[in-house]
Amino acid sequence: MVSLSADARCGSALITNTRSCGNDAFVLELQLSAPIGELRAGRFAMLSPENGAGPVIPRPISIYDYDGGIKISFLIQILGRGTRVLAALRPGHKVSITVPLGNGFPETIFNREAVAVAGGVGCAPFLTWLRQREAQSKNTHMIYGARSADRLYELDAFQQAPGRLVCATDDGSLGFVGNAVQAVQTEIAEGRISSDAVFLACGPAPLLHGFAAWAREQKVEAYLSLETYMGCGIGVCNACPTPSSESGAFSDWPWVKTCIQGPVFRLSDIRF
Ligand SMILES: Cc1cc2nc3c(=O)[nH]c(=O)nc-3n(C[C@H](O)[C@H](O)[C@H](O)COP(=O)(O)OP(=O)(O)OC[C@H]3O[C@@H](n4cnc5c(N)ncnc54)[C@H](O)[C@@H]3O)c2cc1C
Ligand code: FES
C-alpha cells in the first residue's frame with residue numbers, strides 16, 4: 001500500500017465475502033494488503049471498485065469491523081450509483097481503498113457514561129466503539145433507531161456487543177415506538193441514562209438535526225458524526241465543508257473540512 005499522510009494508506013483490497021442485510025444494505029468484507037494498526041472507532045475509508053465500473057469519485061464509508069490485521073468490513077446502504085456498483089461486486093473482485101481517514105470518536109470520554117444514538121446505517125461506526133468500551137460496558141448504552149425493524153441492520157451483532165442496547169422503530173415493529181431521540185428522552189426521564197452522560201450521534205440528517213436541537217436545549221455534551229458529501233477524503237478538494245461555530249475549537253475559520261477535521265465534531269464546535 002502507498003502511504004498518503006498521517007496513518008492513511010491507499011491501495012487495493014480483495015473482496016472475501018459479501019452478504020445482504022435487509023432489503024437495501026450489505027456487508028462488504030475485504031482483505032487488505034497490509035495491516036493498518038490500531039484503529040479508533042468512527043474513522044472511515046474511501047472505496048471504489050477497481051474494475052472501473054463505478055463513478056470516478058470514491059465513496060466515504062465508516063469502518064464497521066476491523067480485526068487489527070488485514071480483515072476489515074463495511075456496512076453499506078445502497079442509495080445511488082456509487083453504492084450500487086459496490087453492491088454488485090463479488091468475492092475475488094478488488095476495490096481501491098484509502099484508509100483509515102478522519103478523526104473518530106473522542107477517546108477522552110472513555111471513563112464517562114456514554115450513549116451512542118444511531119439511525120439506520122448510522123449504526124456502522126458504533127460496533128467497534130461498543131467493543132472498545134468493553135471495560136466500561138455498564139456505563140455504555142446504544143439507542144438504535146430506524147423506520148422499521150428490517151432497517152435495524154446487523155441487529156444480532158449489536159445485541160452481542162458490550163453495553164446496553166435499546167431499539168426504537170417509528171412504526172413500532174420492534175422496541176420503543178418513536179425515533180431514537182425520543183427514546184433517549186424517555187431513557188433519561190425514566191432514570192436509565194443520566195443527562196450527565198456524553199452523547200454521540202450518527203445517522204440520517206433529520207435524526208442528527210433533531211438530536212442537535214435536543215442536545216442544545218438540554219445542554220448535554222454531544223458529538224455528531226457527519227455524513228457530508230466528499231470528493232477526496234484527504235483534505236484537498238474542499239467538497240466537504242461544515243460551518244464552524246464562532247466560539248468553538250475552529251473559531252479561527254468559518255468552515256471546517258469534514259474529512260480531516262471530522263467526521264466527528266463536538267456539537268458546540270460547529271453550526272449544525
Ligand atoms: C464519513 C462518512 C461515513 C459514512 N459511512 C457510511 C456507512 O458506513 N455506510 C453507508 O451506507 N453510508 C455511509 N456514508 C454515506 C455514503 O458515503 C453515501 O451514502 C454514499 O456516498 C452514496 O453514494 P451513491 O453514489 O450510492 O449515492 P449518490 O448517487 O451519490 O446519491 C444517491 C442519493 O443519496 C443522497 N446522498 C448521497 N450521499 C449522501 C450523504 N452523504 N448525505 C445525505 N444524502 C446523501 C443523494 O442526494 C441522492 O439523493 C458515509 C458518509 C461519510 C461522509
Ligand atoms: S473530501 Fe476533499 S477536502 Fe474533504
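Which residue places a polar side-chain atom 2.4 Å from an oxygen atom of ligand 1? In this predicted model, that residue is Y229.

Ligand 1 is surrounded by 21 residues, and the closest are P60, G82, T83, E227 and Y229. The backbone also takes part. A polar backbone atom of P60 lies 2.6 Å from an oxygen atom of the ligand, and a polar backbone atom of Q77 lies 2.7 Å from an oxygen atom of ligand 1.

The largest nonpolar core holds 33 residues, and the members that touch the most others are L75, F126, W129, M142, Y144 and F158. At least two residues of this core come from each of β3 (25–31), β9 (114–119), α2 (126–132), β10 (140–146), α3 (155–160) and β13 (198–202). Helix α2 makes the largest contribution, with 4 residues. Both domain 1 (2–101) and domain 2 (114–227) supply at least three residues to this core.

F126 illustrates how such a member is placed. Beyond its neighbours within four places in sequence, F126 contacts F105, A116, V117, A118, M142, F158, L200, A201 and C202. There is also a second, separate core of 28 residues, including I143, A197, A201 and V220.

The buried residues of α5 are L207, L208, F211, A212, W214 and A215. As a general point, an α-helix has 3.6 residues a turn, so residues three or four places apart point the same way. The buried residues of α5 pack against β9, α4 (180–189), β13 and β14 (221–225). Just after the helix, K219 adopts a positive phi of about 55°.

Is T16 buried, partly exposed or exposed? Its relative accessible area is 39%, so T16 is classed as partly exposed, the class between the cut-offs of 20% and 50%. Setting aside residues up to four places away in sequence, T16 touches E29, L30, Q31 and P91. The C-alpha atoms of T16 and K257 are separated by 33 Å, with the two residues 241 apart along the chain.

Technical notes:
Residues numbered from 1 in each chain as written. Chains lettered and ligands numbered in written order. Predicted model: local features only at pLDDT ≥ 70, side-chain atom pairs only at ≥ 80, totals over all residues. Heavy atoms only, no water. Core = buried A, V, L, I, M, F, W, Y, C linked by side-chain atoms within 4.5 Å. Buried < 20%, exposed > 50% of the residue type's maximum accessible area, 1.4 Å probe, protein only. Domains from an automatic or database assignment. Contact = heavy atoms within 4.5 Å. Near = heavy atom within 4 Å. Polar contact = N/O pair within 3.5 Å; in protein donor to acceptor, adjacent residues only side chain to side chain.
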